[in-house]
Amino acid sequence: MQSRLGIDIDPDLLTLALTHRSYAYEHGGIPTNERLEFLGDSILGQAVTVKLFRDNPRVDEGGLAKRRASLVSSVALAEVARGIGLGRFVLLGRGETQSGGADKSSILADTVEAIIGAVYLDAGGDVATEFVLRLVEPLFDDPDRFGAAMDPKTSLQELAAHNGAPAPQYTVTDTGPDHSKTFHAVVSVDGLVTADGEGTSKKNAEMAAALKAWTLANARDPRARASRS
């Protein structure tokens with residue numbers, strides 16, 4: 001994991017950052033990554049905010065806020081996590097493992113934030129900021145992803161209309177107890193793309209599925225991307 005991250009982190013801190021609460025519960029209530037996640041969320045937001053402010057002097061407050069929201073969203077962070085193969089390293093309980101927790105956007109995004117928190121504690125603010133910006137750099141490089149990550153359902157609907165396809169159709173199921181449900185969404189755009197996504201709510205699952213579908217459609221044919229004003 002350290003080689004994939006491109007940074008040295010204290011092994012104990014890294015292990016803590018990778019420890020999901022389901023694993024901790026099954027191993028006698030050991031510490032989880034949730035406190036590190038809380039810390040990392042703040043560092044992530046600050047690093048992205050400062051870069052956006054400095055790099056976009058002509059963008060107003062509303063535009064900056066929208067771009068920041070997309071870059072720190074769960075769907076964007078989960079995409080970053082998949083890009084470095086993070087899922088295989090997350091410590092999960094048996095139930096989460098069996099239900100595909102290693103690829104759930106919510107778990108992946110939370111783990112990315114926890115790792116950022118671990119980097120901050122181990123190496124300080126400057127190194128943590130550099131680490132954050134390196135992780136999210138691919139999203140900065142593609143402006144269209146700002147809109148897609150912020151509102152993937154609308155972006156997918158626009159793409160479908162642009163290509164003369166019917167509106168996206170969503171099917172959502174859920175598993176788990178009422179207090180800790182996991183939602184699984186499948187979205188299909190007839191003749192264009194089908195994709196799925198996970199989330200802690202129906203909305204989040206649909207957003208994850210929509211972003212994956214939008215990404216797949218554009219990867220197959222960049223001309224499919226809806227034009228933006």
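1. Setting aside residues up to four places away in sequence, Met1 touches Leu14, Leu18, Ile84, Leu86 and Phe89. The model is a predicted one, and Met1 sits in the segment before α1 (2–5).

2. Is Met1 buried or exposed? Its relative accessible area is 13%, and because buried means under 20%, Met1 counts as buried. Glu206 lies 205 residues from Met1 in sequence, and the two are 29 Å apart in space, C-alpha to C-alpha.

3. The largest nonpolar core has 41 residues. Those that touch the most other members are Leu5, Ile9, Val48, Leu86, Ile115, Ile116 and Phe131. Two or more residues each come from α2 (11–17), α4 (34–55), α5 (61–71), α6, α8 and α9 (125–140). Helix α8 gives the largest share, nine residues.

4. Phe131 touches Leu5, Ile7, Ile115, Ile116 and Val119, again leaving out residues up to four places away in sequence. In soluble globular proteins, nonpolar side chains tend to be buried together.

5. At what angle do α6 and α8 pack? Helix α6 (residues 74–83) meets helix α8 (residues 105–123) at about 80°, and their axes are 8 Å apart. The two helices are therefore roughly perpendicular. On the α6 side the contact is made by Ser74, Leu77, Ala78, Ala81 and Arg82; on the α8 side, by Ser105, Leu108, Ala109, Val112 and Glu113. Six of these contact residues are nonpolar, two are polar and two are charged.

Key: Residues are numbered from 1 along each chain as its sequence is written. This is a predicted model: local features need pLDDT of at least 70, side-chain atom pairs count only at pLDDT 80 or more; totals for chains, interfaces and linings use all residues. Side-chain values use heavy atoms; hydrogens and water are left out. Helices (H or I, at least four residues) and strands (E, at least two) are DSSP runs, numbered from the N terminus. Buried means under 20% relative accessible area, exposed over 50%, partly exposed in between (1.4 Å probe, protein chains only). Contact means heavy atoms within 4.5 Å. Axes are lines fitted to C-alpha atoms, for helices over the stretch in contact, and angles run from 0 to 180 degrees between N-to-C directions. Angles under 35 degrees count as roughly parallel, over 145 as roughly antiparallel, 65 to 115 as roughly perpendicular and the rest as oblique. Ala, Val, Leu, Ile, Met, Phe, Trp, Tyr, Cys and Pro count as nonpolar, Asp, Glu, Lys and Arg as charged, and the others, Gly among them, as polar. A nonpolar core is a set of buried Ala, Val, Leu, Ile, Met, Phe, Trp, Tyr and Cys residues joined through side-chain atoms within 4.5 Å.
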